[in-house]
Amino acid sequence: MDKIIVNGGRKLNGEITVQGAKNSVLPILVATLLVDGVSVIHNCPMLSDVDATIKILQYLGCTVNRENHSITVDSTNVFRDDVPDNLMREMRSSIVFLGGILGRMGRAKLSTPGGCEIGLRPIDLHLSAMEQFGATVTDEDGFLVCSAGENGLQGTRITLSFPSVGATENIILAATCAMGTTIISNAAREPEISDLADFLNRCGAKIRGAGDSTVVIEGVKKLTPAEHTVIPDRIVASTYLIATAMTGGEILINSIIPSHIAPIIQPLRESGCNIVVNKKQVILESPKILKRIRMIRTMPHPGFPTDVQAQIMALTSVADGTSVIVENIFESRFKHIGELLRFGAKIHVEGRMAVVEGVNHLNGANVRATDLRGGSAMILAGLQARGTTEITEIHHIDRGYETPEKTLSELGADIKRVNSNEKQGNA
Ligand code: UD1
């Protein structure tokens, strides 16, 4: 098992181009199932979650080729409609295959995705939406079976009780080739939803309003192959901005979409960072001393993203003053706090609220990545801390960050990946 070792205290300085968005590429790869022919997707990050998605596509009958950051999917010969349990378990968000397989095959058989590190992740909204399309949902030996029936999926009006990202994506996937029109109310507005719709529209789908609360999808008979470039990853960009702020450095990030990172710019400015955002770049200059951020509440987009909550908590743990962070999206997304305490952070938790009393500096610690974003917060804390930090269970980090040790080394950090069996000095 690999681990990451960080010797803290180095300022990050420099310029990077951010990877493609994990949360876009996964549903877009699933969407290629609806296309009869060869789709070409560019700017796909090299991540274990992408590898897991490719494995499922291949199992279903797709021919998938990868050349650097471009992935070609030939979906002409899809012949299976099930995803085995071992493949489902490799990726937390594999439920998004439901809409893709059902839309293509008229039937989908998936094992129920279990709980995960950040909460229970129920799928009631996904299932009730499929039923509203006229599909039947049954349980066969622990597998979830969704069948469209003889007349296929029927366009419908669906009002989500919560703007779930995954449910919105599944509905869009199922509606794209359904009979008639589907209207989603209270749809999720995350940028990755618009990216999915952009790809599908390039293939001939008729989707309007993606990125807004109301999305209208007129079903089409078939999709034709297209090329698409995945949007930059706003969460990864946010992580590197915060890393730079915590080390007192300066960074220029290329290839961002300003509106996508807007929710994190305001809190970073409140912490004293000087930030300039232009068309495709963001430049951050750190203050001498970070100030507290009075209150952060995670919310659906365009609110503050839950996927940046752990990283901003690492920042507030070394800011001057007391900050309050409320997690509104996932019920147990505070697992990183126990690890942050090992660095000497002062954090008190009360239900969904964390009160963070900033300390002058953190001290290097032996910690583990509790989940993907919690893991990235360990790296940030290690970069700021005095001394050496060892992070284990970094497979969580590899789900969402493409070689973070390389990017951060290029920015001046003292960070490396070693195999747990190797001695630190030999790495
Ligand atoms: C997606 C993102 C994840 C991000 C999250 C919120 C991907 C691959 N993952 O996850 O990185 O943290 O959005 O921005 O895009 N819920 C239900 N019933 C359902 C579905 C969801 O109660 O049927 C609840 C969840 O338990 C959670 C909340 O709704 O509390 C948000 O979940 P959702 O928006 O669906 O997140 P994901 O799509 O799983």
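Start by selecting helix α1: its buried residues are Lys 22, Ser 24, Val 25, Leu 26, Pro 27, Ile 28, Leu 29, Val 30 and Ala 31. That makes 9 of 10 residues in α1, so the helix is mostly covered. Buried here means under 20% relative accessible area, exposed means over 50%, and partly exposed lies in between, with a 1.4 Å probe and protein chains only. Helices (H or I, at least four residues) and strands (E, at least two) are DSSP runs numbered from the N terminus.

The model is predicted, and local features need pLDDT of at least 70, side-chain atom pairs count only at pLDDT 80 or more, while totals for chains, interfaces and linings use all residues. Residues are numbered from 1 along each chain as its sequence is written, and side-chain values use heavy atoms, with hydrogens and water left out.

**Cavities**

Rolling a probe the size of a water molecule over the atoms shows where empty space is left. On a 1 Å grid over the protein atoms alone, a cavity is a set of points where a 1.4 Å probe fits but cannot get out; a pocket is an open set with protein on both sides within 12 Å along at least five of seven lines; lining residues have an atom within 4 Å of a point. Grid points are joined across faces, edges and corners, and a volume is the space filled by probe spheres set on the points.

The count comes to 2 cavities of 30 Å³ or more. Select Ala 21, Lys 22, Asn 23, Glu 192, Asp 233, Arg 234, Ile 235 and Arg 373 to show its lining. The elements that give two or more residues to this lining are α1 (22-31) and α8. By class, the lining has 2 nonpolar, 1 polar and 5 charged residues. In this scheme Ala, Val, Leu, Ile, Met, Phe, Trp, Tyr, Cys and Pro count as nonpolar, Asp, Glu, Lys and Arg as charged, and the others, Gly among them, as polar.

Next, select Thr 239, Tyr 240, Ser 376, Ile 379, Leu 380, Ile 397, Tyr 401, Pro 404 and Leu 408, which line the largest cavity. About 40 Å³ of space lies in it. The lining has 7 nonpolar and 2 polar residues, and no charged ones. Its largest share, 3 residues, comes from α12.

**Second largest pocket**

The second largest pocket has a volume of about 510 Å³. It is lined by 25 residues, and the closest to its centre are Met 246, Lys 288, Ile 289, Asn 360 and Gln 384. Two or more lining residues come from each of α8 (234-247) and α12 (372-384). The largest share, 3 residues, is from α8. The lining divides into 10 nonpolar, 10 polar and 5 charged residues.

**Open sheet**

Now show the strands β22-β23-β1-β24, which form an open sheet of 4 strands in that order with mixed pairing. β22 (366-368) and β24 (414-419) stand at the edges with a single partner strand each, so one side of each has no neighbour in the sheet. Two strands pair if DSSP finds at least two bridges between them. β1 (residues 2-7) pairs with β24 in the antiparallel sense over 6 bridges. Select Asn 7 to find its bridge partner in β24, Asp 414.

**Thr 316**

Finish at Thr 316, in helix α10 (residues 309-316). Thr 316 counts as buried because its relative accessibility is 0%. Leaving aside neighbours within four places in sequence, Thr 316 is in contact (heavy atoms within 4.5 Å) with Ile 293, Ser 323, Ile 325, Val 356 and Gly 358.
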